[in-house]
Amino acid sequence: MSKTLTGLGAGLCVSLFLAAFGATAQPVYDPMRPSMSPLAPLATGPTAQGSQAELDPKLGNLPVGPGAEDTYYQCVGCHSTAIIRQQRLTDDRWDYLWTWMIDEQGMQEPEPEIAEQILAYLKTHFSSER
């Protein structure tokens with residue numbers, strides 16, 4: 001009887017260990033999870049270009065540049081520009097997030113050339129790679 005209880009206890013411990021440390025399934029990719037070390041310095045200023053970038057108050061203080069107006073009108077239907085301005089995503093994560101917003105959140109997909117311009121704008125001004 002003692003060996004049976006010991007065996008059950010050991011089996012329970014192994015099961016709890018596997019459940020606690022995620023041996024069951026791979027985690028789902030989270031585009032909002034920070035991609036760099038938490039010890040790395042954060043980008044300063046309102047854009048990756050620093051505080052010298054000219055901001056457009058009519059477009060929610062997005063940096064002036066090609067694609068700013070299309071970005072503003074595409075994005076503010078669902079969230080403020082503050083959400084955009086705080087991002088520092090890799091270029092690949094911007095691509096993933098764009099697809100996620102269309103597929104999972106119901107964002108209206110713009111014409112391909114406008115989508116390309118918006119993504120280029122986001123990557124230029126709000127990328128962790130610049």
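Buried means under 20% relative accessible area, exposed means over 50%, and partly exposed is in between, with a 1.4 Å probe and protein chains only. By that scale Asn61, at 34% relative accessibility, counts as partly exposed.

Some ground rules. This is a predicted model: local features need pLDDT of at least 70, side-chain atom pairs count only at pLDDT 80 or more, and totals for chains, interfaces and linings use all residues. Residues are numbered from 1 along each chain as its sequence is written, and side-chain values use heavy atoms, with hydrogens and water left out.

Confidence next. pLDDT is the predictor's confidence in each residue, from 0 to 100. The protein chain averages 78, and 60% of the residues score at least 70. Over residues 38-50 the pLDDT is below 50, and this stretch has 22 contacts in the model beyond near neighbours in sequence. A contact here means heavy atoms within 4.5 Å. Where pLDDT is low, the predicted coordinates should not be read in detail.

Back to Asn61. Its phi is near 65°, a positive value in a residue other than glycine. Asn61 sits in the loop between β1 (55-56) and β2 (62-63). Helices (H or I, at least four residues) and strands (E, at least two) are DSSP runs, numbered from the N terminus.

Now helix α4, residues 91-105. Does the length fit, or what should 15 residues span? At 1.5 Å a residue they should span 21 Å, and the end C-alpha atoms are 20 Å apart, which agrees. The expected span is 1.5 Å times one less than the number of residues. Gly106 follows α4, with a positive phi near 80°.

Which residues of α4 are buried? They are Asp91, Arg93, Trp94, Leu97, Trp98, Met101 and Ile102. An α-helix has 3.6 residues a turn, so residues three or four places apart point the same way. The cover over the buried residues of α4 includes α2 (68-75) and α5 (112-125).

Asp95 is also in α4, but it is partly exposed, with a relative accessible area of 30%. Leaving aside neighbours within four places in sequence, Asp95 is in contact with Leu119 and Lys123. The C-alpha atoms of Asp95 and Leu119 are separated by 7.4 Å, though the two are 24 residues apart along the chain.

On to α2. Ala68, Thr71, Tyr72, Gln74 and Cys75 are buried there. Their cover includes β2, α3 (81-85), α4 and α5.

The core. A nonpolar core is a set of buried Ala, Val, Leu, Ile, Met, Phe, Trp, Tyr and Cys residues joined through side-chain atoms within 4.5 Å. The largest has 19 residues, of which Leu62, Ile84, Trp94, Trp98, Tyr121, Leu122 and Phe126 touch the most other members. α2, α4 and α5 are the elements that give two or more residues to this core.

Cysteines. A disulfide is a pair of cysteine sulfur atoms within 2.5 Å. The structure holds zero. For Cys75 the nearest cysteine sulfur, that of Cys78, is 8.4 Å away. Cys75 is buried at 7% relative accessible area, while Cys78 is exposed at 63%.

Last, Ser127, in the segment after α5. Is it buried or exposed? Ser127 is buried, with a relative accessible area of 1%. A polar atom of its side chain lies 3.0 Å from the backbone nitrogen of Glu129. The Ser127 side chain also makes a polar contact with the side chain of Arg130, at 3.1 Å. A polar contact is a pair of N or O atoms within 3.5 Å; within protein, one must be able to donate a hydrogen and the other to accept it, and residues adjacent in sequence count only if both atoms are side-chain atoms.
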